[in-house]
Structures are given as C-alpha cells and as structure tokens.
Amino acid sequence: MILQSTLEQVINQQETRLRNLDGGLPREVLPKIKSLSSHALIISGIRRCGKSTLMLQMINKMNDDKILYLNFESPLLYGFSLNDFSRLDAVIDKRQAEILFLDEIQLVDKWEIFVRQKLDEGLKVIVTGSNAALLSLESGTKLTGRHITRELFPFSYQEFLRFKKTVPSVNSLNQYLSNGGFPEYLKTEDEEQLITLFDDIIMRDIVARYGIKDIRSLQRLAAFLIANVGNRITATKLKQPLSIGATSTILAWFSHLELSYLFFFVPMFSPSEKAQLINPKKVYAIDPGMPEYVSQKPEQDRGRRLENLIFLHLRRKYKEIYYLDHKGKGECDFLAFKGGVVQEIIQVCYELTPDNMDREVKGIVEAMRYFNYAKATIVTFSQKDKIIVDTYEIEVVPAWEKLME
C-alpha cells in the first residue's frame, strides 16, 4: 500500500523536476496532438526517446494550472496497485486537477480501469509507456473507442538537423547515421549511455516483465540482432548457434524485443499469411546510432545501416511494411502499405555501381510489375539519377533528400 502522503511527496518532487527541465526540441508529433476531449491520449515509445519531455512540451503548451503529473517509475511507488488509485484520487480531488499526465503507466496492473473512470468523470488523461503490447492490449479492453494512440521514436533526421542547427547534406547524414537520434546521447555523446540503455531495456522491460530466467541467452540473441540489422533471420537457424533450446522460445523473445521497441521484424510479402509467418524476416534497430556503439561489429556494412535508416523513416509513416523476394528475379527492400494499398516501393543501395546496377534495378522493377506501380525510388547515400525501364520510372535520390520528405 502507498500512503497518500508518499504520493503527494512524489508528485511534488517530480513536478518540480519536470518544470525545471529544458523544454527541449519541439517534437514533430506535437502539432499533431489535438484537443483530447473525451479520449485518453496514449504515447508509446522506447525508453529515453523523449516521452517525458514531450509531456512537458504539452504542459507548457496548455498553460493550465489544474494539471497533475506522475511518473510511476519512482522507487517510492514500487508495488503500486489498483487499490492505490483510491489514494491518487484523493490527491487529484485535493488539487482540483483536471488534466492528468501519467508517465510509464504500464508498470501498474489494470491501469486502464482507472483511466476509464477518470474519462467518465470528465478529466483529460495523457499516459505514456515503453511497451507497445501492454498499452495496446490493455487499452483495447476498457478503453475501446475512448483512446488515441501516438508513437514516439528517437529524433528523426529532420529533428536531428534542428537539434544540431545544421542543414541537410551528405555530412549531416553521415553524422546522423553514426550518432542516431536519442536526445540525451546527442547532448553528451557518451557512448556508455547507449550501451546502458540497451542493457536496461533487456533487463527491465523484458527480463523483469516476463520473468525470463535464461538471461545470458536472451542477451546473446539481442547482441546478434544488433550486429545484423538489415539481414534476414529465422528462429530455427538461430537456435543452434545461440544454444537456445526451443524455436518457440526465440519467437517469444522476438516478440518481447519488438514490443519494447528495441527491434522491428519485417516479413516477406506474400498473399499467404502462413507464408509470411514461415519465411525469414529482416531485422532493424530502433535507432541508427545504436548498432555502431552497442554492436561487437562496429564497422558494419554501411549499406545495411543506411537500409535501417530508411526503414525507420518509413516506419514513422506506415505500420505495414514488407520486403519482396521474387525467388531468382530479384529482391526489393521495402513495400510500404496503408489500408492494404501500396504507397511506396523503395530499394536501398549505398552506392550504385556497374557491378550491382542490374541486380538493384531488376529487384525494384519486378516489384513495380507485381503491383502495377509506375514510379518507385532507389535511395543511395549520395547519388542522384533517373532510370527508365520500359514504362517504369525509377528515381535515384540521396538519402538526405528522401529523409526530408
């Protein structure tokens, strides 16, 4: 049980710290957050991507003194349960709060019951969390039709440019490809921050949450994935080299890693859902800088790293992304869908050369033919060109230009 006096102490301390923080770079998502009315706003994203700072920006924008902020990750709130919400209610009433900002709320079981109650009472509620499943599954039960969700990622390239006060170019792209977009790391450039963050997500968001006992094997799996961004992987083929007993265990860990936002797993496109489940998936990391400092192979293939970067750009806009393999007719890196309709077809190649030109063009043209798509894009590090094959038009663009869209 948490005492009401303890709750008030924590809230006062946290609100003081929050308001003393630098407001930071206004995030791209901020203008897209409209009036909440009767819906809860749920913001999910990886640890340290700036969710609390976004809350501060929203608080400053609202300029309202009837706000209550509470971060459930405080050690003083360890063991907070559904029953403790009655004491939080008393604090809310005492302060006459009308807008609630509840940070890392996934740490409390059945939090959605409390949020629904507050919505029914006419309060506005904003919550954040670091686990996509807990937020989406739980809010989908008690908050059906009463919530809006937004994902927050580390800085995009455009946010990186504003943060660094620089311009789109090959040089700034190279910096972003190496350093990534975690706000605190960009301030300090302390590599240990990214390494510690990587370990914290494994231990706190996965091991502790799911009660995983074979910690070393999970760490080996995560280390393998961060060293192989852009590559195809299957649970079956990883079982033996990583000495993990069952394929089902690896598949469960894949799910945990993805729901914590540490990795994304992109399926091969197929009209058959069963084939999508069976075929290898391509793995990508949440941030372009993390593989450089966390991986034991820092000098990774720059082409794969660039591919990871373009995936993140697409993932900010689309949730339905596939790769295409025509079995001997070529591979296309990304098919981005919205509402079941292809929106973009993209190939990523660090540098087009006489040796790889036919392969890269063949792969994207096959995808264009398959979907009857007239215009597509090959993203390179710095090249710009236009390629016409039959009636298909392929724009070759430097990555910094693509990332400005």
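## Pockets: terms and model

A pocket is an open set of points on a 1 Å grid over the protein atoms alone, where a 1.4 Å probe fits, with protein on both sides within 12 Å along at least five of seven lines; lining residues have an atom within 4 Å of a point. Volume is the space filled by probe spheres set on the points, joined across faces, edges and corners.

This is a predicted model: local features need pLDDT of at least 70, side-chain atom pairs count only at pLDDT 80 or more, and totals for chains, interfaces and linings use all residues. Residues are numbered from 1 along each chain as its sequence is written, and side-chain values use heavy atoms, without hydrogens and water.

## Second largest pocket

This pocket holds about 630 Å³ of space. Its lining has 25 residues; E28, K32, E151, R316 and K317 lie nearest the centre. By class, ten are nonpolar, four polar and eleven charged (nonpolar: Ala, Val, Leu, Ile, Met, Phe, Trp, Tyr, Cys, Pro; charged: Asp, Glu, Lys, Arg; polar: the others, Gly among them).

Helix and strand names follow DSSP runs numbered from the N terminus (helices H or I, at least four residues; strands E, at least two). α15 (302-315) supplies at least two lining residues, as do β5 (147-151) and α6 (157-164). The top contributor is α15, with four.

## Largest pocket

About 960 Å³ of space lies here. The lining counts 35 residues, with L21, R48, S52, T53 and E184 nearest the centre. α9 gives the most, six residues. The lining splits into twelve nonpolar, ten polar and 13 charged residues.
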